[in-house]
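The sequence and the coordinates come before the description.

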Amino acid sequence: MIYLDNFRSTMVAPEVWETMRTAAIDEYAVPAAFTQCGTGAAELIERAQDRLATAIGASQNEVVFTGSGTEAINIALWGGVWAQTVDKPEIVTSEIEYPATLAVYRALEKEGYKAHYIKVDGEGMYDLDQLSSVLNEHTVMVSMMGVNHMIGTIEPLAQAGTIVAEASQRAGRRIPFHVDFASALQTQRLDVDAVKADLVSFSSNKIHGPKGVGALYVRKGTKIRPITFGSESYSPLVPGTPNTMGIAGFDKAVELLYATFDKDVERMRGLTNRLAAGIREHVPHILLNGPDSAGRAASHLCYSFLFIEGEAIMMFLDMDGIVVDTGSACAAATLKPNYILMAIGRNHEQAHGSIRFTLSRYNTEADVDTALAKLIPIVERLRAQSTIRPPAQ
Amino acid sequence: MAIKYTAKVIEHFKSPHNIGVIENADACATEGSPACGDEITVYLKINKATDRIEDVKFQSYGCASNIATGSIITDLAKGKTIDEAEAITWKQAADELGGLPPVKMHCSVLAVDGLRSAIRKYKKEVKGIDYDSTLDVKTVTEELKHVLWPPVGVDIITLKLVKYIGIDQGAVKVEISINSDDKFLDPTINEIVEHVSKIRGVKSVNVENV
């Protein structure tokens, strides 16, 4: 199998699995004081906090581990807005965020919060002028993402962070800035001070760690309330017995990520460029979704193949052992075309023919060449049997 | 729940029967639209003396379910008289395929509609039998039986999701009752508009969720 769907989830790295096995068998005690096994588990969590914190320019006690990226987003957004008492509260995000963020915003709207959804341009870049214009003394949360999961756009977080900081000064209080970094962690470095983030969400399974664990960075001094309650833990935000096995796995994944980060990113950039060049050379009538080259996450490539439907392409590739994703309405449980593709101005038909290729450091040149070799005849064949024809040359 | 296609669907998707175009077809019809999802065109070669379908082909801009249903209904139609072929139902097509996920049933409806439209065109143009009835509540109701509610794959009339149909000089109003935050609400409204719009005499379609 050639797995090119790494923005959905990744393979657990063998070293990660080995670490988890050890943690499960040898360090199963609940983190606690004084006993050897209890302190061993507590130190495991501290090491993991420290490693992720150091990588993003934070301190150890500013990082907590959650049950998933989605849970981190929920703690950040619910916990962040509940901690503030502002008259007629307003919340700000963009129309192309991850479904977890958008779902929380819609739930908050039902609670009476007024939500603003920032628009994006044709390549998925945030409209920062609009962001400036909607921030005011009522704003209690701004949430933006590092890399868009569907189209790979690297978003201007530092500029967004500065805009939020300026608005905070005008408002006379800190407006919390949450960054969803789950899809970005694989290819982007993060400095929480440079982007002036107060809250940052991460997910382990996007970087070859296990599912069922995520992390949340909470800047010291940020107003936040717990959204779940239970027995005492290393942080009130994540009560109950910590998932030491998952945390150990996530920690190992972070270690491996940064051990070869620059080399891997450069190599993945080379592979996606190679795939893009091959598609451009051999397949006519295509549209790149998202920015070209440097504006796009190194491991990400999303093309629309016009006049055919994406689920059919995806299934043919699947039968050839190649795993990709599509933004086609036909493949969606909701029967709607992908909202991000619609937000960047694609029509239904263009969204239907979209295929997303997302790589990992485990992919090779041979993977990309095989995928291209299989893709070309599939597109030709589906076009030959389609009701829609390319316009006559 | 895992949504999977049956082996039969995969087989017909991989190697669809009767794919292509019939030059000088006796009838051809297109159903669906790229904007709404799938589109299918069915071509018929009919023996005018016996009214038997001698050859049938189709093209599809669609997903696996649409392609597989196109393949199976063209198999079913070949060699049948036009009346027999017209009576083929989407349920029959789906059964032949060993079933379809409920959410994909509407793709099979489209393929059957394509076959039926081609036959009715032939009947109208060659045999002089006009099927296009006047625009009334009954015609709209019949048409809405082709709109399926995705979670269960059953039409919205049978499920009593349609509460009211009103017609005023070509303006059709359809009132439905679906939970306002249901994820299938928008696609279903689109499908109602698509289906009702093609009835002769319809000038506008207004769907309201009450």
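How many helices and how many strands are there in chain B? Chain B holds seven helices and eight strands. The model described here is predicted.

**Chain B as a whole**

The C-alpha trace of chain B spans about 50 × 45 × 25 Å along its principal axes. A compact globule of 210 residues would have a radius of gyration near 17 Å, and chain B agrees with this because its own value is 17 Å. Of the 210 residues in chain B, 41% are buried. When contacts in chain B between residues at least 6 apart in sequence are considered, 62% join residues at least 24 apart.

**The sheet β1-β2-β3**

Three strands of chain B form an open sheet in the order β1-β2-β3, and their pairing is antiparallel. β1 (27-32) and β3 (52-61) of chain B each have a single partner strand and stand at the edges, so one side of each has no neighbour in the sheet. On average, neighbouring strands of this sheet are turned by 15° against each other, direction ignored. Strand β2 (residues 39-47) of chain B is joined to β3(B) by nine bridges, and the two run antiparallel. B:I46 has B:I53 in β3(B) as its bridge partner.

Two helices of chain B lie across strands of this sheet. Helix α2 (residues 64-77) of chain B lies across β2 and β3 of chain B, while helix α5 (residues 105-125) of chain B lies across β1, β2 and β3 of chain B.

**The sheet β6-β7-β8**

An open sheet with the order β6-β7-β8 is also found in chain B; it has three strands and mixed pairing. Its edge strands are β6 (162-168) and β8 (204-209) of chain B, each of which pairs on one side only. From one strand to the next, the twist averages 15°. Strand β7 (residues 171-176) of chain B pairs with β8(B) in the parallel sense, over six bridges. Here B:V174 has B:V207 in β8(B) as its bridge partner. Helix α7 (residues 185-197) of chain B packs on the sheet and touches β7 and β8 of chain B. Helix α6 (residues 137-144) of chain B lies across β6 and β7 of chain B.

| Helix of chain B | Strand used for the angle | Angle |
|---|---|---|
| α2 (residues 64-77) | β3(B) | about 175° |
| α5 (residues 105-125) | β1(B) | about 145° |
| α6 (residues 137-144) | β6(B) | about 135° |
| α7 (residues 185-197) | β8(B) | about 150° |

**The domains of chain A**

For chain A, the domain assignment gives domain 1 (14-259) and domain 2 (261-384). The C-alpha centres of domain 1 and domain 2 of chain A lie 28 Å apart. Their contact takes 17 residues from domain 1 of chain A and 21 residues from domain 2 of chain A. The side of domain 1 of chain A that touches domain 2 of chain A has eight nonpolar, seven polar and two charged residues.

**Where chain A meets chain B**

Which helix gives the largest share of the side of chain A that touches chain B? The contact takes 19 residues from chain A and 24 residues from chain B. On the side of chain A, α9 (310-319) and α11 (348-352) each supply at least two residues. The largest share, four residues, comes from α9(A). By class, this side of chain A has ten nonpolar, five polar and four charged residues.

Note on methods:
Residues numbered from 1 in each chain as written. Chains lettered and ligands numbered in written order. Predicted model: local features only at pLDDT ≥ 70, side-chain atom pairs only at ≥ 80, totals over all residues. Pairing = 2+ DSSP bridges. Axes fitted to C-alpha atoms, helices over the stretch in contact; angles between N-to-C directions. Contact = placed C-beta atoms within 7 Å. Domains from an automatic or database assignment. Nonpolar A, V, L, I, M, F, W, Y, C, P; charged D, E, K, R; others polar. Rg over C-alpha atoms; globule rule 2.2 N^0.38 Å. Buried ≥ 20, exposed ≤ 12 C-beta atoms within 10 Å, placed from the backbone.
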